Each structure stands twice: as structure tokens, then as C-alpha cells.
Amino acid sequence: MPVIMRKFALGRQPWTCLDPFLFCVHHVDRYPAGTPEMGPDPSLLQGRSLGQDFSYQEGWSMYHGTKVPGFPAHPHCGFETVTVTRRGVIDHSDSLGATARYGEGDVQWLTTGRGVQHSEMFPLLDSENGNPMELFQIWLNLPRASKAAQPHFAMLWNPQIPTLHITARPLNPSGAISASTTTVAQQPEPEPETPSSAAFHSIRVIAGSTGYFPNPSSPQLFIDAPPPPPESWASHPDSDVAIWVIRVAAGCTLTLPKASSGSAANRCLYYYEGEAVVLIGDAREELRARHGAVVDPTADLPVTAPEAHAAHLLLLQGRPIGEPVEKHGPFVMNTVAEIEKAYTQYRKTRFGGWPFPTMDPVHPSERKRFAKHADGKVEHPTDA
């Protein structure tokens, strides 16, 4: 039976999302070596619309930054941002006085609740080589009861995010996986790209549970992500929220388990990096690279990568909140009146003001990854 319900292209604009998700973007920037100020050499900024540079000129953008790439102070309220880093680092500052530097596989989960300002800057720490940056930013809606929650963020450091590794060999003539072993690791393992020898599938479980895997010869092993923030929709036991970053080894098939809530869930699969097409489901429906699909949540989902290249996919899944959504820029509420009230509150309070001397603060280049919360608590990846 077909499992793809609808397909869509993945352009440079926000990707198609379904309730409870609002927004997803994938930033891939190949930044040059950094200056002592942790930005590109000023000569490389010629011809860019600084403050509004989404040009991707020479393979990178400054976004709203003028000296350091990134997003200076801006407000949000009524939803959550889940920032999933793969390469590079981000310097966070917010109107509650909290700060952080995270990246290289870390995830920041920010509950904006009743309103917060934050900045997200991308310092170029390597002064001799390039500074590649890759991240997903995902907006997850908050239910009405949590839209007035106290803003705060949680750090999911790279070492504490479980990754399921399945060792698979290329398809045998019958089309079945010829060997498979499953392990859970705390760090990503090397990702060989040739189908001539054993290769790893991997699933990085940022939210949700993998459930039991239907792959032949796999142990009946499942893993859970670290707990989400307490006001998150993902913290509801029946929300079935899943955020998985998936790699399917070249020339092999990985079968993703169906949603635990069955037809009650919405499920989207995004083929964001790879070549040619992946084959989805028992009917082997084609999904082209840089395309996504709404898929049947009630069916196990075999995904077959092209012979010569691994396939990299993102899965977003969850039971819909099912409430009205009124979105105006970075504010997401249930009614127009609530949007107007939120803007009035922002104009009056600036969501606590801005306690830093600039709107685009960055930390010293030698500073290692850390997070300092509004209550003064400091944490590091080594604490995870």
C-alpha cells in the first residue's frame, strides 16, 4: 500500500509542517575564516545587504548580522524553538540575562511562553580555516494552557542525546537486509559512504521514542530522548512528538517504526541531503532529494538509500494540538486579540528589556561550550 500521502519541495524558505509543528528551516553555511572579531573579513561583505542578507552569496549568508553572522535580539512568544546543531557554534543571549554557547551536535530547546527576546549569533572561531555551520531550527507550538508559561531554555548536550546505530549491509538479491546489529551510542560514529562494506544507519533521537524496530535480525531495542521542557507539548504523555535525524546507509534499507499513536499523529519526512531518490514503503515510492513527504503514520516505513550515497532525513511527528493558530511574525497565539495583547505587552516591557550592551553579543573566542541560565546556574557538556 502507498505510504506517501503528499510530496513537497524543500526550498530555502521554511519547509511544510503539520500541527503541532509550525516552522522548520535548515541552515547550511560555508563560512570563511574568522577575523579577531569572529566575523568574515570586511572585504567579503561588499555587495551584501547587511542586516538583511539571505543571499547565500559564496555559499553563506549574514542573515540579520552586520559583523558576525546570525540573528541579533528579536522577540518570540507562544511557542518553542528547537535548535538542532550539526556543525558550528551558536552564541545565545536573552532578555532574562541567560547566555550560552552551544553547537557541534548540541540542541537548545527554548520555551518562549509569555515572551522573551533572544539573540542567536554564529561566531567564526577558526581564524585560519573555514567555519562550516549547519543547523535545523524547528518551531513547536505550545497548547493554549502553556502560552503564558515562564520563558526558559533547556540544553540537550551532544553527549546526552542518544543515537541508535544499526549496522546494515547492502541489499541481497531478495531485497532484504542481509545483516543487522543494533547498538545505542552517546556520540555519532563515522559514516562510511560506500556500499561495499558494512555501513551504519543512524537515528539521533532528539524527541520521542523510537519504539520497537521492525528490521530483520535487530534486537527488540528502543530508546527514549532526554525529557523535553515541562511546559512543552512534547512533555504530554500522549503527544507522540518525535524529532529524529536519520541517516540511511548507501544501498541499504532502514525500516522506521510506525507512530505509536497511529492515525492520530501527523508525520513528515524530509530528504534534506543526498542524491537521486530514496524509495519509501513496500510500494517503493520515489522521493527525490531536497523533497519532503507527508507519510502514513500507521505503517512501518522502509526507506532505501541510493546505491552510491547515504540518505540524510529529518522526521517530525506528533499528535496535533488541535487549537486555532494565529501567527504574526514571531508571535503565535490562538486569536487575533491575543496577538494584539502580546504586541502591546512587548512594546511596554520589551519582555524584560535587554541586559547586554549590544543587540548581537558574542562570547570571547576562547570560551568553550556552556550555558548560564536566568537563575545563575551554569552547565557544560561535560556535566551531561
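## Arg284 and its surroundings

Leaving aside neighbours within four places in sequence, Arg284 is in contact with Leu279 and Thr304, where contact means heavy atoms within 4.5 Å. This is a predicted model, in which local features need pLDDT of at least 70, side-chain atom pairs count only at pLDDT 80 or more, and totals for chains, interfaces and linings use all residues. Residues are numbered from 1 along each chain as its sequence is written, and side-chain values use heavy atoms, with hydrogens and water left out.

Arg284 sits in the loop between strand E17 (277-280) and strand E18 (285-288). Strands here are DSSP runs of E with at least two residues, helices are runs of H or I with at least four, and both are numbered from the N terminus. With a relative accessible area of 43%, Arg284 is partly exposed; the class lies between buried, under 20%, and exposed, over 50% (1.4 Å probe, protein chains only). Ile4 is 280 residues away along the chain, yet its C-alpha atom and that of Arg284 are separated by 10.0 Å.

## A five-stranded sheet

Let's turn to one of the sheets. An open sheet of 5 strands runs in the order E2-E9-E4-E7-E10, with antiparallel pairing; two strands pair if DSSP finds at least two bridges between them. Strand E2 (21-31) and strand E10 (152-156) are at the edges with a single partner strand each, so one side of each has no neighbour in the sheet. On average, neighbouring strands of this sheet are turned by 15° against each other, direction ignored, with axes taken as lines fitted to C-alpha atoms.

Strand E7 (residues 107-111) pairs with E10 in the antiparallel sense over 5 bridges. Here Leu110 stands opposite Phe153 in E10.

## Asn141, a buried strand residue

Strand E9 (residues 131-141) includes Asn141, which counts as buried at 5% relative accessibility. The Asn141 side chain makes a polar contact with the side chain of Lys147 at 2.9 Å (a pair of N or O atoms within 3.5 Å; within protein, one must be able to donate a hydrogen and the other to accept it, and residues adjacent in sequence count only if both atoms are side-chain atoms).

Not counting residues up to four places away in sequence, Asn141 also touches others, including Pro20, Leu22, Phe79, Trp233 and Val332.

## The whole protein

The protein has 1 helix and 25 strands, and buried residues make up 55% of its 384 residues. Among contacts with a separation of 6 or more, 75% join residues 24 or more positions apart.

Conventions:
Axes fitted to C-alpha atoms, helices over the stretch in contact; angles between N-to-C directions.
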